[in-house]
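Have a look at the picture first, then read on.

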Amino acid sequence: MKCILFLLSMGAALPAVHADEAGRPASQSVAAVPAMPAWCGVYEGTLPAADCEGILVQLTLNADMTCKKVTIYLGVQNEAVADEELTDLNDVFRSVEGSLPEVQEGTLDWSDDGKTLVVHTEEGQELYELDKDGLHMLNADGKRVTGPLAPYYVLKKAESESGTARKGV
């Protein structure tokens, strides 16, 4: 404070500090923080499977082009696991009767035309198309699954308790 008073007494001018509507300095305003892309978030669904009741999938897409995929094979029993061993997973996976959760980390990129999301994990790559309904899993040819099972190949964006789409885990 003494330095500021000294500078003012010497006739020095202080730089103007601009504030937003909430009175925060401009460097701290919400507008200064880049918006998260609309495609970011947690997507969930149950995929059909020939050898079990279905595959519960949770796919988290992050703005830094990383992802996390958690899968549980429903109706398949593995050895019992204490609940505290699953603390890093969402509640939805703690009460499910099925295999132990498989967690894969990966990366994302978009096709050249910007329509197809490519998810790369240690198991390979998966293709998805994003629209208002969610993430549509595509076949190896990059086409949507058709027929009576088509609705089961869509991962829906999960909602948070506040009613907005929740961010990744």
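Start at H136, which touches L127, Y128, E129, D131, R144, Y153 and V154, leaving out residues up to four places away in sequence; contact here means heavy atoms within 4.5 Å. H136 sits in strand β7. Helices (H or I, at least four residues) and strands (E, at least two) are DSSP runs, numbered from the N terminus. One of those neighbours has a polar link to H136: its side chain makes a polar contact of 3.1 Å with the side chain of D131. A polar contact is a pair of N or O atoms within 3.5 Å; within protein, one must be able to donate a hydrogen and the other to accept it, and residues adjacent in sequence count only if both atoms are side-chain atoms. H136 counts as buried because its relative accessibility is 9%. The cut-offs are under 20% relative accessible area for buried, over 50% for exposed, and partly exposed in between (1.4 Å probe, protein chains only). H136 and P151 are 15 residues apart along the chain, and their C-alpha atoms are separated by 8.7 Å.

A word on what you're looking at. This is a predicted model, in which local features need pLDDT of at least 70 and side-chain atom pairs count only at pLDDT 80 or more, while totals for chains, interfaces and linings use all residues. Residues are numbered from 1 along each chain as its sequence is written, and side-chain values use heavy atoms, with hydrogens and water left out.

Now step back to the overall layout. The protein has 1 helix and 8 strands, and along the sequence they follow the pattern α-β-β-β-β-β-β-β-β. Of its 169 residues, 30% count as buried. Among contacts with a separation of 6 or more, 38% are between residues 24 or more positions apart.

What about the nonpolar interior? In soluble globular proteins, nonpolar side chains tend to be buried together. A nonpolar core is a set of buried Ala, Val, Leu, Ile, Met, Phe, Trp, Tyr and Cys residues joined through side-chain atoms within 4.5 Å. The largest one here has 17 residues, of which L59, L61, Y128, L135 and L155 touch the most other members. Strands β1 (41–47), β2 (54–61), β5 (116–121) and β7 (134–137) each supply at least two residues of this core, and β2 gives the most, with 4 residues. Take L135 as an example: leaving out residues up to four places away in sequence, L135 touches Y43, L59, L61, L117, Y128, E129, L130, Y153, V154 and L155.

Strand β2 also holds T60, which counts as buried because its relative accessible area is 0%. T60 and G41 are 19 residues apart in sequence, yet 5.6 Å apart in space, C-alpha to C-alpha. Carry on to the loop between β2 and β3 and you find M65. Its phi is near 65°, a positive value in a residue other than glycine. M65 is partly exposed, with a relative accessible area of 27%.

Next, the second largest pocket, with a volume of about 150 Å³. Of the 13 residues that line this pocket, L47, I55, K69, Y73 and E126 are the closest to its centre. The elements giving two or more residues to the lining are β2, β3 (66–74) and β4 (102–110). On a 1 Å grid over the protein atoms alone, a pocket is an open set of points where a 1.4 Å probe fits, with protein on both sides within 12 Å along at least five of seven lines; lining residues have an atom within 4 Å of a point. Grid points are joined across faces, edges and corners, and a volume is the space filled by probe spheres set on the points.

In strand β4 you can pick out E102. Apart from neighbours within four places in sequence, E102 is in contact with K69, V70, T71, Y73 and E123. E102 is partly exposed, at 33% relative accessibility.

Finish in strand β5 with T121, which is buried at 18% relative accessibility. The side chains of T121 and Q104 are joined by a polar contact of 2.8 Å.
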